[in-house]
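Look at the sequence and model first, then read on.

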Amino acid sequence: MVLSKTASQSDVSVHSTFASRYVRTSLPRFKMPENSIPKEAAFQIINDELMLDGNPRLNLASFVTTWMEPECDKLIMAAINKNYVDMDEYPVTTELQNRCVNMIAHLFNAPLGESETAVGVGTVGSSEAIMLAGLAFKRKWQNKRKAEGKPYDKPNIVTGANVQVCWEKFARYFEVELKEVKLSEGYYVMDPAKAVEMVDENTICVAAILGSTLNGEFEDVKRLNDLLTEKNKQTGWDTPIHVDAASGGFIAPFLYPELEWDFRLPLVKSINVSGHKYGLVYAGIGWVIWRSKEDLPEELIFHINYLGADQPTFTLNFSKGSSQVIAQYYQLIRLGYEGYKNIMENCRENALVLKEGLEKLGRFNIVSKDDGVPLVAFSLKDNSRHNEFEVSDMLRRFGWIVPAYTMPPDAQHVTVLRVVIREDFSRTLAERLVFDIEKVLHDLDELPAKIDEKLRAEERAKNGPTDTRKIQLEITTAWRKFVMEKKKTNGVC
């Protein structure tokens, strides 16, 4: 005989998640709820909201990696509960970080002896790496000024106006004057000659960008090194260079190995690079490498022992996940020089495909260079009918996230769109994006407000004074046609 029982009202495990009261009632948004809810309901509520986020693969605004191999994903999840700072408890993870530092230092041509280890550290990104490098420059400059009996309260740093916002944060947070070389139309990177002119006895370093965020262009670090060397000889100063290679550090060694931008130049004392950009790791890993131990003041390094052993540390953070360090090591040994070179060449080729497709449309000026970070920055030749911000907004209908922005001073009158080509952006996607941009331009041309302007201009050319009623009728007809066409193409499938 089969016995059965009716589920009670409190036995929520038998109810469908979507039929439960937990997804039918609103949860507090800014206060912790009084009562617990089932794990299935919590998951579904959060997952449903996250569906409204953009697709990371179609986020062409970001340089950050959005795809890794499943094997690496497994390593990441296996290490998700390891706190990187517990070096005594996780010695292998610490060893993997040290291996990464040394591999990257050799990639950047650090002058290391046979058995000499590199000086560097993993960070949560290039922002932290730049803060650490800047602090090292500031402290070393202050120590020298103190020893010479000179004032040390007004340090400055020279950069181009195209630097990433983290440089402004460093200057503001650590009380360093930021001296920016202004840009000009057609020249969107720091001019080395103008930068050296701005250097004075209080300059702690000049920061060069290997891969401008604005248009991907590499700044001329070698020319900067040569000009600054000459000025140092004339003045008796020893102003150094930091290279912000957040985007270009994992590109130049593979695509442009003969380009001198790194530790081959004697004034380059430190370099930062983002592992989570073209280092091909998910967000949360950066690196800063110093030329030698002498370039990192010892007093900035802390030694702690309350986790079980003496541990030197030079970071702005303390606790940090181990997953990204392990993922970086995976990529370095999995891909090797050959693999990174193949991926970077593929990114460059897909950037050229996109560039050529945009040029064929005949509506854009290409602002980016063929050499540099694989991206395409472009602006409308004629923005009197519609502008780059409208194009960016309309592209979101197709899922594409393409940023539009104005250039920094003194080129702020120039507006551009930018598409970053990452490893997972294929030729097929490049061709599809061109097709969708062409469609967006067509739709913008047909919008009523634009039709109004076009028809008024034609009317004035033909008949002199404008017939307002006639123009209004033509606008209404055009608008109705535009909406009907949208209904035809926006059906549910």
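## Nonpolar cores

Val243 touches Ala208, Leu210, Val221, Trp261, Val268, Ser270, Ile271 and Asn272, leaving aside residues up to four places away in sequence. A contact here is a pair of heavy atoms within 4.5 Å. Val243 also belongs to the largest nonpolar core, which has 104 residues. Val243, Phe250, Trp261, Met344, Leu354 and Leu433 touch the most other members. α9 provides the largest share of this core, 15 residues.

A second, separate core holds 15 residues, including Met131, Phe137, Trp141 and Ala207. A nonpolar core is a set of buried Ala, Val, Leu, Ile, Met, Phe, Trp, Tyr and Cys residues joined through side-chain atoms within 4.5 Å. Buried means under 20% relative accessible area, with a 1.4 Å probe and protein chains only.

## Basis and confidence

The model is predicted: local features need pLDDT of at least 70, side-chain atom pairs count only at pLDDT 80 or more, and totals for chains, interfaces and linings use all residues. Residues are numbered from 1 along each chain as its sequence is written, and side-chain values use heavy atoms, with hydrogens and water left out.

The chain averages a pLDDT of 89, and 86% of the residues score at least 70. In residues 6–14 the pLDDT is below 50, and this stretch has four contacts in the model beyond near neighbours in sequence. Residues 487–493 also stay under 50, with zero contacts beyond four places in sequence. pLDDT is the predictor's confidence in each residue, from 0 to 100. Where it is low, the predicted coordinates should not be read in detail.

The largest pocket has a volume of about 670 Å³. It is lined by 28 residues, and Gln97, Asn98, Gly120, Val121 and Pro312 are the closest to its centre. α3 (91–107), β1 (119–123) and β9 (311–313) each supply at least two lining residues. α3 gives the most, with five. The lining divides into 14 nonpolar, ten polar and four charged residues.

The second largest pocket has a volume of about 440 Å³. Of its 23 lining residues, Trp141, Lys144, Asp238, Thr239 and Pro240 are the closest to the centre. Trp141 is also a member of the second core. α4 (126–147) gives the most to this pocket lining, with seven residues. β4 (203–209) and β6 (268–274) each supply at least two. By class, the lining has nine nonpolar, four polar and ten charged residues.

## Cavities

A search of the whole structure finds two cavities of 30 Å³ or more. α9 (323–361) and β11 (375–380) each supply at least two residues. α9 gives the most, with four.

The second largest cavity holds about 60 Å³. Its lining includes Phe63, Trp67, Tyr278, Arg422 and Asp424. That lining has four nonpolar, two polar and four charged residues.

## Terms

On a 1 Å grid over the protein atoms alone, a cavity is a set of points where a 1.4 Å probe fits but cannot get out. A pocket is an open set with protein on both sides within 12 Å along at least five of seven lines. Lining residues have an atom within 4 Å of a point. Grid points are joined across faces, edges and corners, and a volume is the space filled by probe spheres set on the points.

Helices (H or I, at least four residues) and strands (E, at least two) are DSSP runs, numbered from the N terminus. Ala, Val, Leu, Ile, Met, Phe, Trp, Tyr, Cys and Pro count as nonpolar; Asp, Glu, Lys and Arg as charged; the others, Gly among them, as polar.

Notes
Buried means under 20% relative accessible area, exposed over 50%, partly exposed in between (1.4 Å probe, protein chains only).
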